[in-house]
Amino acid sequence: MNRLLWVVLPLLLAPVLWALVDWAVFSAVFGPDLAACQQAAGQGACWGVVAEKWRVILFGRYPLEEQWRAATVLVVWSVLLFATAARLLTPKPLAVAWVLVLTGSTVLMAGHVAGLPAVPTALWGGLPLTLILSTVGFGLAFPLALLLALGRQSKFAPLRGLCIAYIELLRALPLVTVLFLAAFVLPLWLPGEGLDLFTRVLLTIALFSAAYLAEVLRGGLQGVPEGQRLAAMALGLNTVQTNLQVVLPQAIRACLPSLTNSFVTLFKECSLVTVVALFELTGALSLALAGDVQWRSFYLEGYLFIALVYWAYCFGLSKTVK
């Protein structure tokens, strides 16, 4: 039966696969030619919409003449992100590199220094915004998640109950609900102008992600044999030293695949910030096509292009992580 399926299934799928290849490659239009795309409608893909709108898709509303700054941030963050996943740098140089990149990226994106025109965070968008929200959000969530995971295992009942309440409450809420609260309700409680929308959304993503990361880390902590803790205490290490030098390194190493999966999930969930008027990669596509009647009918090709970008980052991270 298995041999028969290996013969029959390719024969059954061959017409479908050929139709897809013909639509995506042989009958497709690759140049930004609107007339050719309209003529090929229903027969071939119009990749010309990507060639025509790639700047808006990748960079959103960031000013056209300043998009070299967003492109620089995009390349540098991507390289450092994959270098981090592959552990090409030791912890100290890696931490220094991230601090330098974060500082330089803030200067480049925001401007208003060194003669660079100021660009408010409301105009940040596209793939750079997706990378910033997911990476910085994950970085801020990780230490809080460590404290929550350790606190949930604490013998001090009030601390343990507080950590459990935080984790279970945040995990019970959809991210889109929390984003709406941060975008439209929180400003009513803040004095003056308060924090800008970008900062509120970034902190919300960090606080929300910490609840999920805490459970991932708790699983890693439970996987460390109790003998490791007892041996460390027998050598004279206190509780903090035991956790930092013995337990946590083993726990993080054990749950590294799960942490990578959490980051990949967060990277994709950042598309929800579109509902609060931050146009990341997915929202930038709507921004590019919604107001253009001529190219509006080619959403499918645009979404396939975005899906390819997401796949490249997610698959690449899953393969490079060590």
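Cys270 is buried, at 1% relative accessible area, where buried means under 20%, exposed over 50% and partly exposed in between (1.4 Å probe, protein chains only). The model is predicted, so local features need pLDDT of at least 70 and side-chain atom pairs count only at pLDDT 80 or more, while totals for chains, interfaces and linings use all residues. Residues are numbered from 1 along each chain as its sequence is written, and side-chain values use heavy atoms, with hydrogens and water left out.

A disulfide is a covalent bond between the sulfur atoms of two cysteines; here the term covers a pair of cysteine sulfur atoms within 2.5 Å. The structure holds one disulfide, which joins Cys37 to Cys46 with an S to S distance of 2.1 Å. The link of Cys37 and Cys46 is right-handed, with 75 degrees about the S-S bond. Cys255, by contrast, is in no disulfide, and the nearest cysteine sulfur, in Cys163, is 17 Å away. Cys37 is buried at 1% relative accessible area, Cys46 is buried at 1%, and Cys255 is buried at 5%.
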